[in-house]
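Welcome, and please open your viewer.

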Amino acid sequence: MLSQRLLGSAIVALPTETVYGLAGLASSDQAIAAIYAQKKRPQFNPLIIHGYNLDLLKSHVIWNPWAEKLAEAFWPGPLTVVLPKNQNSNLSLLALAGLETVAIRMPQHPLMHAVLSKVGLLAAPSANPSGSISPTCAEDVEIAFHGALPVLDGGACIVGLESTILDLSGEAPQLLRPGGISLEDLENLLGPLTKGSPLAIKAPGQLETHYAPNLPLRMNVSVGQKNEAFLAFGPEYPEEQEGLLNLSPKGDLQEAASHLFAMMRKLDQSHYAGIAVAPIPHQGLGLAINDRLKRAAAPRG
């Protein structure tokens, strides 16, 4: 049984509403080490702890009124909060990258919920090699790891972008990563948010280069160059053009977010010289889309 495997040191890929995750028991050093090894992930980059029992999640952190408001408004859903660690927590220190804070979230996907209800808490970064495009269907995971991992197929992810991450461990809430919950919705609840320092890695998705295709990517492009694939947004692009995919012909940011990683993967083909991306509005989920594109386009060391 899958749940029995996860109660040991095994790791499996399974769906959330955001992207597919590579999951292991959050208290098992062996499972967490296997996740880092499989992803080739830097060990200074902490993992998100997933749970579906709110009291269980609370028992590992120092809860506060901001977290209570956010949980009531957005959980289950694509929001991660970073809180001080409860010193009695038995979470793997490797999963926390040695930090005194914990990133937690309550996912919405029914299959993930069913697994969590049997095993408790799972650490689950995206199920892809570190730095590459995140997977939004089971086939993406199979291709990325050449069939070496068991995958629970839950269909295509509805949100298609990773969770928004807020740091609630300081004097005021800070945005660490834009994602599936918009900045506008968060600020309507909490008031204006500041942005966390990129020099202090407290949660996933803060590395400068991340979510990257193999091909070079250019942003805010009106017309692609010769031999360059084009990722469009809005109604002004002819669908029949070769090498063109449209995130949302009607200009819907939610639709665009759900298509982003899948379309980037499809265009990331060796017969193109690169990928050009049309301008995306910096509002709503467009903030998260532009964040992922900026990291995908960053210079590579």
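Throughout this tour, two residues touch, or are in contact, when they have heavy atoms within 4.5 Å. This is a predicted model, in which local features need pLDDT of at least 70, side-chain atom pairs count only at pLDDT 80 or more, and totals for chains, interfaces and linings use all residues. Residues are numbered from 1 along each chain as its sequence is written, and side-chain values use heavy atoms, with hydrogens and water left out.

**Stop one: a helix residue.** Select aspartate 291, which lies in helix α9 (residues 286-297). Helices (H or I, at least four residues) and strands (E, at least two) are DSSP runs, numbered from the N terminus. Is aspartate 291 buried or exposed? Aspartate 291 is buried because its relative accessible area is 11%; buried means under 20%, exposed over 50% and partly exposed in between, with a 1.4 Å probe and protein chains only. Now show Arg177, Pro178 and Tyr211: aspartate 291 touches them, leaving aside residues up to four places away in sequence.

**Stop two: the sheet.** Next, colour the open sheet of nine strands, whose order is β1-β2-β6-β3-β5-β4-β7-β8-β9, with mixed pairing. Its edge strands are β1 (12-15) and β9, each pairing on one side only. Two strands pair if DSSP finds at least two bridges between them. Zoom in on strand β8 (residues 174-177), which runs parallel to β9 and is joined to it by two bridges. Glutamine 174 has threonine 194, in β9, as its bridge partner.

**Stop three: a loop glycine.** Move on to glycine 196, in the loop between β9 (194-195) and β10 (217-218). Glycine 196 counts as buried because its relative accessibility is 10%. Which residues does glycine 196 touch, not counting those up to four places away in sequence? They are Gln174, Leu175 and Leu176. Glycine 196 and leucine 176 are 20 residues apart along the chain, with 5.1 Å between their C-alpha atoms.

A cavity is a set of points on a 1 Å grid over the protein atoms alone where a 1.4 Å probe fits but cannot get out; lining residues have an atom within 4 Å of a point. Grid points are joined across faces, edges and corners, and a volume is the space filled by probe spheres set on the points. The structure holds two cavities of 30 Å³ or more, and the largest cavity contains about 220 Å³ of space. Select Ala124, Pro125, Ser126, Glu162 and Arg177, the ones nearest its centre among 23 lining residues. The elements giving two or more residues to this lining are β2 (20-25) and β3 (48-50).

Notes:
1 Å grid on protein atoms, 1.4 Å probe; cavity = no way out; pocket = protein on both sides within 12 Å on 5 of 7 lines; lining within 4 Å.
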